[in-house]
Amino acid sequence: MSKVHAQYGCGLSGPKEWVNFDSSPTLQLQRIPLIGKLFYSFSSVKFPENIKYGDIIKGLPLAANSCDSLYCSHVLEHLSLEDFRIALKNSYHVLKPGGIFRCVLPDLEYIAKTYLEKKANRELDASITFMNWTLLGHEKREKGLKAIVKNHFSNAHHLWMWDKDSLAMELEKVGFKNIRKASFNDSQENAFKLVEDSTRFENAVAIESIK
């Protein structure tokens, strides 16, 4: 029986060997029968046909214990703490016993150390750099109905940041084992090479764990 590899928050990256999910409102609209084709023709972002709509917080349309591998890159930091914990539970739910989960996120420890180094060097823009790198702030507050709608559907900002230790702690709480710091393309499962991007590992924390 062939292995099942799934990723969520995939954006436009959907290798045919993987089951690919994204929760973009644009993708959701493009998948509506009839209307979706019209929206697709006018949309500036066109999702490939093999990318399915799926929200890890609501639960992916996958059976329990069905996946051999699960992957997400620069997704979890866009979730609130409560939703993040739900996402980890749902990730654990769809993996087979012995299945591998790999996740990549911006590294809060690296950003914090950079902030302190800039402060030590008396660089006056240290705090501005910190806020820009963490995506926790807003440079300006947009007003009006259009801004309200955009902010409601947009998921561009980060809601919670993580370092290696806190991320490992949360994974362990859910039940994951053999939790370790990962590097680009260092998994024993070669299928991850089809979804991993080396640039996403720069200044990031990557964790591999087993169900």
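User: Why is Lys 118 called buried?

Analyst: Lys 118 has a relative accessible area of 14%. Buried means under 20%, exposed over 50%, and partly exposed in between (1.4 Å probe, protein chains only). Since 14% is under 20%, Lys 118 is buried. This is a predicted model, in which local features need pLDDT of at least 70, side-chain atom pairs count only at pLDDT 80 or more, and totals for chains, interfaces and linings use all residues. Residues are numbered from 1 along each chain as its sequence is written, and side-chain values use heavy atoms, leaving out hydrogens and water.

User: What makes the pair Lys 118 and Asp 125 a salt bridge?

Analyst: The N to O distance between their side chains is 3.6 Å. A salt bridge needs a side-chain nitrogen of Lys or Arg within 4 Å of a carboxyl oxygen of Asp or Glu, and 3.6 Å meets that limit. Asp 125 is partly exposed, with a relative accessible area of 36%.

User: How many salt bridges does the structure hold?

Analyst: There are 14. One of them joins Lys 113 to Glu 109, with 3.2 Å between the closest N and O atoms. Both residues lie in helix 4 (residues 108-120), four residues apart, about one turn of the helix. An α-helix has 3.6 residues a turn, so residues three or four places apart point the same way.

User: Why are Lys 113 and Glu 109 called partly exposed?

Analyst: Lys 113 has 47% relative accessibility and Glu 109 has 35%. Each value falls between the two limits, so both residues count as partly exposed.

User: How do you know that the buried residues of helix 7 line one face?

Analyst: In helix 7 (residues 164-174), the buried residues are Leu 167, Ala 168, Glu 170 and Leu 171. Seen down the helix axis, they fall within an arc of 160 degrees, so they line one face. The arc is taken from the directions from the helix axis to the C-beta atoms. The face turned away carries the exposed residues Asp 165, Glu 172 and Lys 173.

User: What do the buried residues of helix 7 pack against?

Analyst: They pack against helix 3 (81-94), strand 5 (95-106), strand 6 (177-181) and strand 7 (204-210). Helices (H or I, at least four residues) and strands (E, at least two) are DSSP runs, numbered from the N terminus. Gly 175, with a positive phi near 130 degrees, follows helix 7.

User: Why is Ser 43 called buried, and what makes its link to Gln 30 a polar contact?

Analyst: Ser 43 has 12% relative accessibility, which is under 20%, so this residue counts as buried. Ser 43 lies in the loop between helix 2 (35-42) and strand 3 (51-53). The side chains of Ser 43 and Gln 30 are joined at 3.3 Å. A polar contact is a pair of N or O atoms within 3.5 Å; within protein, one must be able to donate a hydrogen and the other to accept it, and residues adjacent in sequence count only if both atoms are side-chain atoms.

User: Why is Ile 35 called exposed?

Analyst: Ile 35, in helix 2, has a relative accessible area of 56%, which is over 50%, so Ile 35 is exposed.

Conventions
Contact = heavy atoms within 4.5 Å.
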